Amino acid sequence: MEQITLFDDPAYRGSLLPFTFTRPVAEIRVGILKIREKWEKYLDASAGFLTLDYLQDKFPPLADSRLFINGGLCPDQGLLTAIKSLEKGQCLFKDSTLLAAYPADPSAFSMDAVKESGEIKAYDGEITLIHRNWHIFQYNALELRKDFALLTARRTSAGINDPHTIAYNPEMIFVEEGAKIRAAVLNAEDGPIYIGKDAQVQEGALIKGPFALCEGSTVNMGGKMRGDSTIGPFSKVGGEVSNSVIFGFSNKGHDGFMGNTVIGEWCNFGADTNISNLKNNYAPVKVWDYTKGSFVNTGLQFCGLMMGDHSKTGINTMFNTGTVVGVGANVFGAGFPRTFVPSFSWGAEERTTFRMNKFEETASKVMERRGLAFDQKEKSILEKVFDLTKAYRIWDKE
C-alpha cells in the first residue's frame, strides 16, 4: 500500500480555525468522509500528516512517504490522474497554490524548497480546496455526491425493510449493515442519501438528500433534515437541520434550527438552541477571521455558526448570523452572545474562563460515555490550545 503525506498549507490553515486548533486540515470532514479518508480510498494509500508540532503526536507523519498532497484539497479523477503522473522532483501547482509534490528528497520536504528546486507542472482543471471555514458547508453537497459514488460503487445496499418507511428515488438511497429505519420519509429525488453502519433513523423523521448519517449516529423522532447535510459518526441530531456538517461525536438532539453551520467534535446543544443563518437585511455575512484579527466578508447570504471541538450550549441559546465559537467554550445565558466567542469562555454576557482543570473533568466524562479516553495526547493538545487562545479572553486581563 502506498504511503502519502497530507500537509497543512500555512497560507490557509489559519483561515480554517477554530477547527484546525485541534486537527490537521486533512482531518476536516466534508461530504461523507474526512479529506484524509478520501485520499486513502482514491489512492489505496495510508496517510500521515505534516502539521503543527503540538498536533504531530496524535497525527504523526509516515517515515516512508514520498508523495505530498495539500491537506485542504479534495480529490477527483482529474487530480488523481495529474498526481499519479508526477515524476521524482516534480510538483503540481494551481496558480500559486501547491497541490502536490514528489520531491527528490522526501526527508527534506518543505513548500519553500519545492518552489525553489522542483520542476513545476501547472494544473488547469477545476479544484475543490477547503481553505475557509465556511467552505465546509458550502462544498458539502458536492463532496457528498462524490463520496456517495465512491463508497457505494459495485456494492449492494442493505435496503429498507420497514413497511412504514416511505422512500422516494430508492436507488439513490444506500443503507449500510446494522442500520435501523422506522416510519420515516427519505426523499433522494434531489440527491443521494447515505445511512451508515448501525445508524438509526427514528419514527417520524423527514430526510431530504443530499444527506449522510454516518456510523452509529441517530436522527431523533420527528427530526427534519433539509438536505446538503452530514451528520458525522456517533452523533445525535433532531429538530431542523439544513446545509450543515457535524464532524462527529456531537449532539444536537432537541428541537431548534441549525443552518449553514459547521460543528466540531464533542459538542452538545441544549434544548431549543437556534442559529440564525440569514441577516434581516439580507446582506452578506461577516465572520471572525483569526488570521486578520477582525471580521471578514464571506460573500455569502447564508452563513450560520462555526463551533470548535468540545464547546456546548445551554437551553434556549440563540446565535446570531455568522457566529464563531472557539474550542472548549460553554455558552449560556439570556440574549445573543457576541458573534465571536473565544475558546474556553464560560457564559455569554458576563464571561469568565472555563478553567483547564474543570474543562478536563468534563471532557473526560463526555469521552468516557462513548468508550474513549481523554488521554495524554488529547490533554496536551487542548492545554496548548488554551495557551494559544489566552489573548482572546480579554476579561482575564482586567
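Helix 2 is followed by Asp44, whose phi is positive, near 50°, where helices (H or I, at least four residues) and strands (E, at least two) are DSSP runs numbered from the N terminus. The model is predicted, so that local features need pLDDT of at least 70 and side-chain atom pairs count only at pLDDT 80 or more, while totals for chains, interfaces and linings use all residues. Residues are numbered from 1 along each chain as its sequence is written, and side-chain values use heavy atoms, with hydrogens and water left out.

Of the 9 residues of helix 2 (residues 35-43), 7 are buried, so this helix is largely enclosed by the rest of the structure; buried means under 20% relative accessible area, exposed over 50%, and partly exposed in between (1.4 Å probe, protein chains only). The buried residues are Ile35, Arg36, Lys38, Trp39, Glu40, Tyr42 and Leu43, and they pack against strand 1, strand 2 (45-50), strand 3 (67-70), strand 4 (73-74), helix 3 (77-84) and helix 6 (140-152), contact being defined as heavy atoms within 4.5 Å.

Helix 2 and helix 6 pack at an angle of about 40°, with their axes 12 Å apart. This angle makes helix 2 oblique to helix 6, given that angles under 35 degrees count as roughly parallel, over 145 as roughly antiparallel, 65 to 115 as roughly perpendicular and the rest as oblique. Axes are lines fitted to C-alpha atoms, for helices over the stretch in contact, and angles run from 0 to 180 degrees between N-to-C directions. Lys38, Lys41 and Tyr42 of helix 2 make the contact with Glu143, Lys146, Asp147, Leu150 and Leu151 of helix 6.

A search of the whole structure finds 19 aromatic pairs, for which rings of Phe, Tyr and Trp (its six-membered ring) must have centres within 6.5 Å, with planes under 30 degrees apart counted as stacked, over 60 as edge-to-face and the rest as tilted. Among them is the tilted pair of Phe7 and Phe109, at 5.6 Å centre to centre and 50° between the planes. Because Phe7 lies in strand 1 (residues 2-7) and Phe109 in the loop between strand 6 (97-102) and helix 4 (111-117), the pair ties together parts that are 102 residues apart in sequence. Phe7 is buried at 2% relative accessibility, and Phe109 is buried with a relative accessible area of 12%. Elsewhere, one aromatic cluster is formed by Phe21, Trp288, Tyr290, Phe295, Phe340 and Tyr392.
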